[in-house]
Amino acid sequence: MNYQNSQLLWSAVQLRNRQNDPGLIILDLRPPEDFANGHIPGARSLDIFGISLIDTRPEPLAAFLWIIEHLIGAKGVSMDSRVVVYDRISGERAARLF
């Protein structure tokens, strides 16, 4: 793999081998209806599609980051968590959260 940070990308086998890690949080970023139709065991649904920021002045940016921090924290993610994100084939939502 030519990706500079390849340790950040896991295969399905690597994920399966680590699924019992108590510090692992798996976030499914697909639309909620996709999550309801099936997901990786233990995954938590987080739909970030409608969250965006167009005003990047310091105050709006700080408020946006506060919202993101609390949305992710509500899913059980902390500074000690190991987080896996996934979505549909394109990976657009996972890349956006990453």
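Reader: How far is the backbone oxygen of D34 from a polar atom of the side chain of R30, and what makes such a pair a polar contact?

Author: The two atoms lie 3.5 Å apart. A polar contact is a pair of N or O atoms within 3.5 Å; within protein, one must be able to donate a hydrogen and the other to accept it, and residues adjacent in sequence count only if both atoms are side-chain atoms. The pair therefore meets the distance limit. The side chain of R30 also has a polar atom 2.5 Å from the backbone oxygen of G38. This is a predicted model, in which local features need pLDDT of at least 70 and side-chain atom pairs count only at pLDDT 80 or more, while totals for chains, interfaces and linings use all residues. Residues are numbered from 1 along each chain as its sequence is written, and side-chain values use heavy atoms, with hydrogens and water left out.

Reader: Why is R30 called buried?

Author: The relative accessible area of R30 is 14%. Buried means under 20%, exposed over 50%, and partly exposed in between (1.4 Å probe, protein chains only), so R30 is buried. R30 is placed in the loop between β1 and α2 (32–36). Beyond its neighbours within four places in sequence, R30 is in contact (heavy atoms within 4.5 Å) with residues including F35, D47, Y86 and R93.

Reader: What makes the lining of the largest pocket mainly nonpolar, by class?

Author: A pocket is an open set of points on a 1 Å grid over the protein atoms alone, where a 1.4 Å probe fits, with protein on both sides within 12 Å along at least five of seven lines; lining residues have an atom within 4 Å of a point. This one is lined by 24 residues, with L8, V83, V84, V85 and F98 nearest its centre. By class, 18 are nonpolar, three polar and three charged. Ala, Val, Leu, Ile, Met, Phe, Trp, Tyr, Cys and Pro count as nonpolar, Asp, Glu, Lys and Arg as charged, and the others, Gly among them, as polar. Strand β3 gives the largest share of the lining, five residues.

Conventions: Helix = DSSP H or I, 4+ residues; strand = E, 2+ residues; numbered from the N terminus.
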